[in-house]
Amino acid sequence: MVGLTVAEFFEATRKRLGLQLLSQSLHSRSRLVNDMINRPQLALTGFLENFLWDRPQIFGETEIRYLESLSQQECGKALSQVMAFAIPCLVITKGLTPPPGMVALASQNEIPLFTTTMDTTQFQHEVTAYLEETFAPATMVHASLVDVYGVGLLFTGRSSIGKSETALDLVERGHRLVADDMVTIRQRHANILIGSGNELLRHCIEIRGIGIIDVQSIFGIRAIRGFKRVEVEINLREWDDAEDYERLGLEEQHTTILGVRIPLVSIPIFPGKNITVIAEAVALNYLVKAYGYHPAQRFSQNLLETIRRKRTLAQLAEGDPE
Amino acid sequence: MYEARVEVRNDPGIHARPAAILVQTASRFSSEIHVATEALEVNAKSIMGVMMLAAETGTLLTIRAQGSDERAAVEALVRLIEARFEIEA
């Protein structure tokens, strides 16, 4: 089923958000289905159009002070109007005291009511961070992810083409393995992809002919990494005479993962070719480009200038027989 | 594309050895083959992937193949799983 139950949300965040349950039960009529939260301010004044009731409602100082300014009857009316909606849960921040009747109303309407001593802004940041992480689009890819000079290289290609062997070779040369074979990729913010491994497989690699190798126990803690931003995809493929491989690097290929565009480098494989060194070069090339220097463009520009200069000299020579 | 569903019958499920047999069998076919539980879909030629399913007895698996020998591949894997990995793979 989609989403998160309020009980699951509470279990996962009670420590980090300092949540305490005020109402009777964790049972709620609604689940958390996205990473949004809401401050019910205008809804409390009776303006219920566009009331975003399907999100956790945060009661900060503004809400509580407003309710306190009302007569007991008005306050009860404001709250029951809002809490008639199947809100997943309510949170009062800053350890503020709930107005009279609010706790009972929450229990009655099966809306778990929490309190936290956290400051409202801080709470909103923390809860949003947790929800974004939980509801981030994710996918699993058959690939290996290695941190090479701080660049996250994702190796893809058909089964047994040599992804794991390349990863092992890179680890041997001092780079860090994030995951082999199965990589979970999550989207963070608009254009960041974060890759990680699986708890069961941890940092194990399968090498044909040997079997399973535990990278952490062999190479130690410096050889592994829990998460890494996925920055470049390296697609390993068999050498194909019919295919035209990139010779200049002026045009960059791209691939899209979860809607995020990242550079794609296709590397043909044949015996005697050192993929590891090529992978390191890809990472370093990515870095120099990130720092504003584009080797292929620079080279092409130099070539153009040389040609132009020669032509100018030739024209000069033509116009002046001396 | 050809697919079939099969229930894991051996006890306690697809642990390391059955996973290895499954992957070896799958690797004999040229088709792209995937095994899926309700939660997860993995490449049937990847031992790590198949182990990651952690499929216990009674789990319903979907085997999906695409390629020139897709039907034979799916049938071979279904036979293997139904025979509790006890047949000559």
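The model is predicted: local features need pLDDT of at least 70, side-chain atom pairs count only at pLDDT 80 or more, and totals for chains, interfaces and linings use all residues. Residues are numbered from 1 along each chain as its sequence is written, chains are lettered from A and ligands numbered from 1 in the order in which they are written, and side-chain values use heavy atoms, with hydrogens and water left out.

Start with confidence. The predictor gives the complex an ipTM of 0.76 and a pTM of 0.77. Chain B has an average pLDDT of 92, and 98% of the residues score at least 70. Here pLDDT is the predictor's confidence in each residue, from 0 to 100.

Next come the empty spaces. Rolling a probe the size of a water molecule over the atoms shows where empty space is left. The search uses a 1 Å grid over the protein atoms alone. A cavity is a set of points where a 1.4 Å probe fits but cannot get out. A pocket is an open set with protein on both sides within 12 Å along at least five of seven lines. Lining residues have an atom within 4 Å of a point. Grid points are joined across faces, edges and corners, and a volume is the space filled by probe spheres set on the points.

The largest pocket holds about 770 Å³ of space. Its lining has 29 residues, and A:Glu246, A:Gly249, A:Leu264, A:Val265 and A:Ser266 lie nearest the centre. Strand S14 (232-238), strand S16 (260-269), helix H9 (275-290) and H10 of chain A each supply at least two lining residues. Helices (H or I, at least four residues) and strands (E, at least two) are DSSP runs, numbered from the N terminus. By class, this lining has 15 nonpolar, five polar and nine charged residues. Ala, Val, Leu, Ile, Met, Phe, Trp, Tyr, Cys and Pro count as nonpolar, Asp, Glu, Lys and Arg as charged, and the others, Gly among them, as polar.

The second largest pocket has a volume of about 430 Å³. It is lined by 16 residues, with A:Thr184, A:Arg186, A:Ser196, A:Gly197 and A:Phe227 nearest its centre. Strand S9 (182-188) and strand S10 (192-196) of chain A give two or more residues each to this lining. S9(A) makes the largest share, three residues. The lining divides into four nonpolar, seven polar and five charged residues.

There is one cavity of 30 Å³ or more. The largest cavity has a volume of about 30 Å³. Its lining includes A:Ala179, A:Asp180, A:Gly197 and A:Cys204.

Now look at charged contacts. Side chains of opposite charge can pair when their charged atoms come close. The structure holds 16 salt bridges over all chains, each a side-chain nitrogen of Lys or Arg within 4 Å of a carboxyl oxygen of Asp or Glu. One of them joins A:Glu68 and A:Arg65 (2.9 Å, N to O). These two are separated by about one helical turn, because they sit three residues apart in helix H3 (residues 61-69) of chain A.

Finally, two backbone details. The peptide bond from B:Asp11 to B:Pro12 is cis, with omega near 0 degrees. B:Pro12 lies in the loop between strand S1 (2-7) and helix H1 (16-27) of chain B. A:Lys94 is not a glycine, yet has a positive phi of about 60 degrees. A:Lys94 belongs to the loop between strand S3 (90-92) and helix H5 (102-108) of chain A.
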